[in-house]
Amino acid sequence: MTDDELLTTLAVQIAALADGVEAVMENQRLLVARLDEQATSLAAIGVAVGMTYLATGSETPLPVDVLEDRAFARFLENYPIDGPPIVGKPKMDEHMAQLDKVDPARLASGFRELARQADLSAIERIRNRQIERAARQRHGDLEALERGRDR
């Protein structure tokens with residue numbers, strides 16, 4: 001085999017290898033697009049599961065595997081504080097009835113303490129922010145009430 005034949009054979013093999021690499025890369029791009037589509041679908045399912053759970057007002061907690069699922073976590077990350085009560089209306093009404101027994105001048109410090117607690121679940125944090133929002137709507141500036149108490 002001459003040098004020219006060897007170079008030609010090598011060039012053909014390199015071209016075939018390049019075509020193979022290009023085919024693998026195209027397959028990877030298609031796979032990424034499909035995975036992105038599935039991730040979007042899973043996020044929508046997470047929202048649907050979360051909203052269905054809230055709408056039922058169920059006393060039964062969600063299974064741990066649902067609570068730990070990334071799609072459900074995404075639902076919680078995007079959950080609006082002014083949305084439906086995360087714990088359901090009956091439970092939220094109970095929390096609000098308990099809150100009515102607390103001196104409004106003490107609420108600001110209580111909410112600050114709740115925000116510092118590291119061991120609360122995402123649902124508990126959202127619930128607390130929703131309760132705080134309702135308390136602020138009901139009583140106004142909680143910090144001003146707190147400062148008035150300290151005088």
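Author: The count of salt bridges comes to 8 in this predicted model. Side chains of opposite charge can pair when their charged atoms come close.

One of these pairs joins the side chains of Glu26 and Arg29, with 3.0 Å from N to O. Glu26 and Arg29 are 3 residues apart in helix H1, and are therefore separated by about one helical turn. An α-helix has 3.6 residues a turn, so residues three or four places apart point the same way. Glu26 is partly exposed, because its relative accessible area is 37%, and Arg29 is partly exposed as well, at 46%.

Helix H1, which covers residues 3-56, also holds Ile14. Ile14 has a relative accessibility of 52% and therefore counts as exposed, since the cut-off for exposed is over 50%. Together with Leu7 and Leu10, Ile14 forms a nonpolar patch on the surface, and the accessible area of the three together is about 300 Å².

Lys89 forms a salt bridge with Asp93, and the closest N and O atoms are 3.2 Å apart. Lys89 and Asp93 lie 4 residues apart in helix H4 (residues 89-99), so about one helical turn separates them. Lys89 is exposed, with a relative accessible area of 54%, whereas Asp93, at 39%, counts as partly exposed.

The side chains of Glu94 and Lys91 meet in a salt bridge too, at 3.9 Å from N to O. Glu94 has a relative accessible area of 45% and is partly exposed; Lys91 is partly exposed at 32%.

Salt bridges can also be linked to one another: Glu132, Arg136 and Glu143 form such a network.

Helix H6 comprises residues 122-139. H6 has 18 residues and reaches 26 Å from its first C-alpha to its last, close to the 26 Å expected. Several residues of H6 are buried, including Ile123, Ile126, Arg127, Asn128 and Gln130. Gln130 counts as buried because its relative accessibility is 6%, and the cut-off for buried is under 20%. Leaving aside neighbours within four places in sequence, Gln130 is in contact with Tyr79, Pro80, Ile81, Gly83, Pro84, Pro85, Ile86 and Met92. Just after H6, Gly140 takes a positive phi of about 85 degrees.

Helix H7 covers residues 142-150, and Glu146 has its place there. Glu146 is buried, with a relative accessible area of 11%. Not counting residues up to four places away in sequence, Glu146 touches Ala105, Ala108, Ser109 and Arg112.

A word on confidence is in order. The protein averages a pLDDT of 85, and 97% of the residues score at least 70. Confidence is highest in helix H5 (residues 107-116), at a mean of 91, and lowest in helix H2 (residues 64-67), at 77. Where pLDDT is low, the predicted coordinates should not be read in detail.

Key:
Residues numbered from 1 in each chain as written. Predicted model: local features only at pLDDT ≥ 70, side-chain atom pairs only at ≥ 80, totals over all residues. Heavy atoms only, no water. Helix = DSSP H or I, 4+ residues; strand = E, 2+ residues; numbered from the N terminus. Buried < 20%, exposed > 50% of the residue type's maximum accessible area, 1.4 Å probe, protein only. Contact = heavy atoms within 4.5 Å. pLDDT = per-residue confidence, 0-100. Expected span 1.5 Å × (residues − 1). Patch = residues over 30% accessible without salt bridge, like charges linked within 9 Å, V, L, I, M, F, W, Y side chains within 5 Å. Areas by Shrake-Rupley, 256 points an atom, 1.4 Å probe, with all protein chains shown as cover. Salt bridge = Lys/Arg side-chain N within 4 Å of Asp/Glu carboxyl O.
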